Amino acid sequence: MASIIGTYECKIDAKGRVLVPASLKKQLPAMAEGFVLKRSVFESCLELWPMAEWDKMMTKISKLNPFDRKNDMFIRRFMAGVKNVDIDDAGRLLIAKDLIDFANISKELVFSSKVNIIEIWDKNQYEATLNQDDFDFGDLAQDVMSNISFDE
């Protein structure tokens, strides 16, 4: 799958429906296959997984031994709140109340690309995360990217 690109600001209605921006919809592969919406592992946001990407992750997770306590705990937490979702004919995505509560989503939200999935954030929380004063992105970039070969 090609990478998903962009950051998009949207509004959510009282029923939890969000109109997915047309430029984002164009990038989403095989929309008829649907998506999985889940809690993020590290942040108070949601992750929207195209079904093909979700299936790849489930293949990896299914190889974990469920009789190992750490694996069992990981699987349970990773799968908590997981929902199958679709983008309807009107171009809307329905976000369940429990996931809205988890991500503290109010009226404005952000769809943010994360390589092959999309994060869904409350707009204010997203901006606060990007603007952390105690964080040096240059140091992180060096730590993460300095050992990667760019010759390929």
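How many helices and how many strands does the protein have? The protein has six helices and eight strands, where helices (H or I, at least four residues) and strands (E, at least two) are DSSP runs numbered from the N terminus. This is a predicted model, in which local features need pLDDT of at least 70 and side-chain atom pairs count only at pLDDT 80 or more, while totals for chains, interfaces and linings use all residues. Residues are numbered from 1 along each chain as its sequence is written, and side-chain values use heavy atoms, with hydrogens and water left out.

**View 1. The protein as a whole.** Along the sequence, the elements follow the pattern β-β-α-β-β-α-α-β-β-α-β-β-α-α. Taken along the principal axes, the C-alpha atoms fill a box of roughly 45 × 40 × 30 Å. Of the 152 residues, 32% are buried, a class that means under 20% relative accessible area, with exposed meaning over 50% and partly exposed in between (1.4 Å probe, protein chains only). Among contacts (heavy atoms within 4.5 Å) between residues at least 6 apart in sequence, 58% join residues at least 24 apart.

**View 2. The six-stranded sheet.** The sheet is open, has the strand order β1-β7-β8-β4-β3-β5 and shows antiparallel pairing, two strands being counted as paired if DSSP finds at least two bridges between them. Its edge strands are β1 and β5 (83-85), each of which pairs on one side only. From one strand to the next, the twist averages 25°; angles run from 0 to 180 degrees between N-to-C directions, and axes are lines fitted to C-alpha atoms, for helices over the stretch in contact. Helix α5 (residues 123-130) packs on the sheet, where α5 touches β1, β7 and β8 and makes about 105° with the direction of β8. Helix α2, in turn, lies across β3, β4 and β5, and runs at about 100° to β4.

View 3. Five of the five residues of strand β4 (residues 46-50) are buried, so β4 is largely enclosed by the rest of the structure. In a regular strand the side chains alternate between the two faces of the sheet. In β4, L46, L48 and P50 point one way and E47 and W49 the other way, and all are buried. Strand β3 (residues 35-39) runs antiparallel to β4 and is joined to it by five bridges, with L37 standing opposite L48; the hairpin between β3 and β4 passes through six residues. Strand β8 (residues 117-122) also pairs with β4 in the antiparallel sense, over three bridges, and here I120 of β8 is the bridge partner of L46.

View 4. Strand β1 (residues 7-11) pairs with β7 in the antiparallel sense over five bridges, and E9 stands opposite V110 in β7. The antiparallel pairing of β7 with β8 extends over six bridges, where F111 stands opposite I120 in β8. These two strands form a hairpin with two residues between them, and V115 in the turn has a positive phi of about 65°. At 57% relative accessibility, V115 counts as exposed.

View 5. Most residues other than glycine have a negative phi, and most peptide bonds are trans. In N104, phi is near 55°, a positive value in a residue other than glycine. This residue lies in the loop between α4 (97-102) and β7 (108-114), and at 47% relative accessibility N104 counts as partly exposed.

**View 6. The packing of helices α2 and α3.** Helix α2 (residues 51-61) and helix α3 (residues 69-79) pack at an angle of about 165°, with their axes 12 Å apart. That angle makes α2 roughly antiparallel to α3, a description used for angles over 145 degrees. The contact is made by W54, M57, M58 and I61 of α2 together with F74, I75, F78 and M79 of α3. By class, the residues of this contact divide into eight nonpolar, no polar and no charged, where Ala, Val, Leu, Ile, Met, Phe, Trp, Tyr, Cys and Pro count as nonpolar, Asp, Glu, Lys and Arg as charged, and the others, Gly among them, as polar.

Definitions and conventions. Angles under 35 degrees count as roughly parallel, over 145 as roughly antiparallel, 65 to 115 as roughly perpendicular and the rest as oblique.
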